[in-house]
Structures are given as structure tokens and as C-alpha cells.
Amino acid sequence: MNHFKTFALLAGLTALFVGAGYMIGGPTGMLIAFVLAAGMNVFSYWNADKIVLKAYGAVEVDESHPKPLVRNYARDVADLAQRAGLPMPRVCIIDSDQPNAFATGRNPQNAAVAATTGLLAMLDRDEIRGVMAHELAHVKNRDTLTMTVTATIAGAISALANFAFFFGGSREDDERPGGIIGAIALAILAPIAAMLVQMAISRSREYEADRVGAQIAGDNRGLARALEKIDAYARGGVVNHEAERNPATAHMFIINPLAGRGADNLFSTHPTTHNRIEALMRLAIGQGTRARLETAVPVSGPSRRPGPWS
């Protein structure tokens with residue numbers, strides 16, 4: 001059902017884009033805008049991960065890193081990727097005091113996960129594993145590509161709307177579908193509609209990534225605690241400066257990195273942290289009930305509760 005909802009919302013966003021092009025320039029304008037957007041999508045498909053990682057100054061790390069925190073972070077990502085049945089992604093760190101993380105890449109074979117230095121410093125190991133399992137769930141569900149396409153189309157709609165607003169009077173009203181009133185309505189309503197669709201897609205994917213991530217980590221409560229802490233730090237004024245300069249990428253993070261700025265919550269791309277934690281706790285209760293009905297047996301494989309970081 002989540003995949004169907006995502007497909008339906010993407011189809012609606014595409015239809016909105018095509019309609020915006022038609023309102024501005026009729027069939028010709030629609031065709032030109034569609035070709036431009038197709039080119040943007042192709043470029044984003046192949047290069048979005050590199051662009052985002054470079055924008056945040058992400059540095060790739062591995063298990064040979066001299067710092068124990070980073071070294072064990074890389075080890076845990078490798079362990080979680082194996083548990084999820086995924087290829088090993090590139091593992092990166094971002095120099096930011098705000099605890100947060102995101103995943104990017106067009107498919108599991110070309111994926112990267114990134115955590116901030118604040119995340120490694122402020123959360124315990126179970127919580128960090130929960131966060132990175134959530135990000136690997138996005139990779140497993142191919143959400144990173146979906147959100148890239150969504151952001152690209154939404155950005156193209158906003159650009160078209162601005163074009164309609166600034167150049168709306170350059171043609172006679174009877175030559176443009178909807179006339180000048182239609183151009184003004186498009187300039188105001190199209191970006192809002194695109195933002196609402198983008199928000200709906202992102203929110204549905206976050207709930208699913210929480211669920212799958214908890215399964216990968218084998219620990220619902222670690223992720224729930226991490227969500228609570230990250231949200232508290234973001235709202236408490238720990239600013240992610242790069243996210244402030246690139247607000248279009250806010251939907252990629254596990255918690256909205258702009259949460260500390262009140263106006264940014266008007267059209268939040270994330271569900272409320274309270275609702276996400278409640279959903280994880282309901283899942284944990286359900287799993288606990290099932291576990292009590294089963295015979296306890298030793299579990300082989302990696303421990304569910306790793307040891308200390310150092």
C-alpha cells in the first residue's frame with residue numbers, strides 16, 4: 001500500500017508539473033518544460049548522491065579510521081547492511097554539531113549513508129545503530145531515488161510558477177490558458193500543491209523506514225530514543241548550517257534539520273516525532289507479546305546489543 005501511495009503521489013506531482021507548463025505556454029510550453037524536467041531528472045539520477053555529499057562536506061570513512069567512535073560506526077553500518085541483505089554502502093561523516101543522518105544514492109549498489117559528528121558524540125551505540133538501520137531501510141526500499149525525483153519535479157514546478165508570475169503579462173490573455181488570473185493562481189498555488197505532495201511522500205516513507213529499520217537493528221527502542229534525542233537537539237537550537245543553506249534537502253534527514261526554526265515547520269516533510277515513537281512502541285509491544293508465546297532459544301549471529309564504543 002505504501003508503494004502504491006508513493007506511485008500515486010508521484011503521478012499527481014507529474015500531472016501538476018505538466019499542467020503548470022500548459023497554463024504558462026499551452027502545448028508548446030508544456031512540451032518544453034517536460035523536456036527540461038526530463039533532463040534534470042536524468043542528471044539527478046546519476047549525480048544526486050555526489051551533489052548532496054559534496055554540499056555537506058561529507059568525508060568517506062572506513063573501519064581503519066583512527067577514532068574509535070568513527071571506526072565502530074563504520075563497523076556497525078557494515079553489520080547492519082549484512083543483516084539487511086544489502087551491498088556495503090559508502091560510509092561518510094559530516095562535520096556538524098546537530099545529531100542527524102541521511103542516505104543517498106540511486107540504488108543499493110550505489111548508496112551512501114552519512115552521519116554527523118554530533119550524532120556520533122551525543123547518542124549511545126544502540127541509538128546510532130537504530131538511526132543507521134533506518135537509513136539502510138531507505139536504501140532497501142529505494143526511497144533515496146524516489147525522494148530525488150520528487151524534489152526535482154517539485155523544484156521544477158516552483159521554477160515554472162515563478163516564471164508565470166514574472167512573465168505572466170508578456171502574452172495576451174486570450175492566448176494563454178487561464179489568462180493572467182490563471183498565471184497568478186498558478187504562481188501561488190502550484191508551489192504549495194507541490195510541497196504538500198512532497199510532504200505526503202516523505203512522511204509515508206519515514207514511517208515505513210522506521211518499521212523496516214527497527215527490524216534490521218532488532219531493536220525498536222534504540223531508534224525511538226534516538227528520534228527523541230535528535231528532535232530535542234534540533235529544537236533546542238543546535239543548528240545544521242549546511243541544511244539551512246540547502247533547505248530543499250531537509251527531507252533526506254532522519255529528523256527535520258530545520259526543526260529549530262519555527263517557520264520551517266509550516267510544511268514539514270517529516271511526521272511528528274511523537275507519532276513515530278508511538279508507532280515504534282506499538283511495534284515493540286506487539287513483538288514482545290509474540291516473543292512471550294514462543295519458546296526461548298539462543299539467537300545466533302551478531303549480538304542485538306553491541307558492547308561499548310571504545
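**Entry 1**

I started at Asp143, which is buried, with a relative accessible area of 3%. I take buried as under 20% relative accessible area, exposed as over 50%, and partly exposed as in between (1.4 Å probe, protein chains only). Arg205 is buried too, with a relative accessible area of 2%. Asp143 forms a salt bridge with Arg205, the closest N and O atoms being 2.8 Å apart. The pair links distant parts of the chain: Asp143 sits in helix H5 (residues 143-166) and Arg205 in helix H6 (residues 179-217), 62 residues apart. A salt bridge here is a side-chain nitrogen of Lys or Arg within 4 Å of a carboxyl oxygen of Asp or Glu.

**Entry 1: ground rules**

I am working on a predicted model, where local features need pLDDT of at least 70 and side-chain atom pairs count only at pLDDT 80 or more, while totals for chains, interfaces and linings use all residues. I number residues from 1 along each chain as its sequence is written, and side-chain values use heavy atoms, with hydrogens and water left out.

**Entry 2: overall layout**

I looked up the secondary structure and found nine helices and four strands in the protein chain. Helices (H or I, at least four residues) and strands (E, at least two) are DSSP runs, numbered from the N terminus. Along the sequence the pattern reads α-β-α-β-β-β-α-α-α-α-α-α-α. Of the 310 residues in the protein chain, 47% are buried.

I got a count of 13 salt bridges. Glu206 forms one with Arg276, the closest N and O atoms being 3.3 Å apart. Glu206 lies in helix H6 and Arg276 in helix H9 (residues 273-293), so this pair ties together parts that are 70 residues apart in sequence. Both Glu206 and Arg276 are buried.

Next I checked Asp124, which forms a salt bridge with Arg225, the closest N and O atoms being 3.8 Å apart. This pair also links distant parts of the chain: Asp124 is in the loop between helix H3 (117-122) and H4, Arg225 in helix H7 (residues 220-235), 101 residues apart. Asp124 counts as partly exposed at 32% relative accessibility. Arg225 counts as partly exposed at 31%.

I also noted a network of salt bridges that links Asp76, Asp79, Arg125 and Arg129.

**Entry 3: helix H4**

Asp124 came up again here. It caps the N-terminal end of H4, with a side-chain oxygen 3.1 Å from the backbone nitrogen of Asp126. H4 (residues 125-140) has 16 residues and reaches 22 Å from its first C-alpha to its last, close to the 22 Å expected at 1.5 Å a residue. The expected span is 1.5 Å times one less than the number of residues. H4 is mostly covered, with 15 of its 16 residues buried. Arg142 follows H4 and has a positive phi, near 60°.

**Entry 4: strand S4**

I asked how many residues of strand S4 are buried. Five of the five residues (112-116) are, so S4 is largely enclosed by the rest of the structure. Ala112, Ala114 and Thr116 point one way from S4, and Val113 and Ala115 the other way.

I then checked partners, where two strands pair if DSSP finds at least two bridges between them. S2 (residues 90-94) and S4 pair in the parallel sense over five bridges. S3 (residues 101-104) and S4 pair in the antiparallel sense over four bridges. Ile93 stands opposite Ala115 in S4, and Ala101 also stands opposite Ala115.

Technical notes
A polar contact is a pair of N or O atoms within 3.5 Å; within protein, one must be able to donate a hydrogen and the other to accept it, and residues adjacent in sequence count only if both atoms are side-chain atoms.
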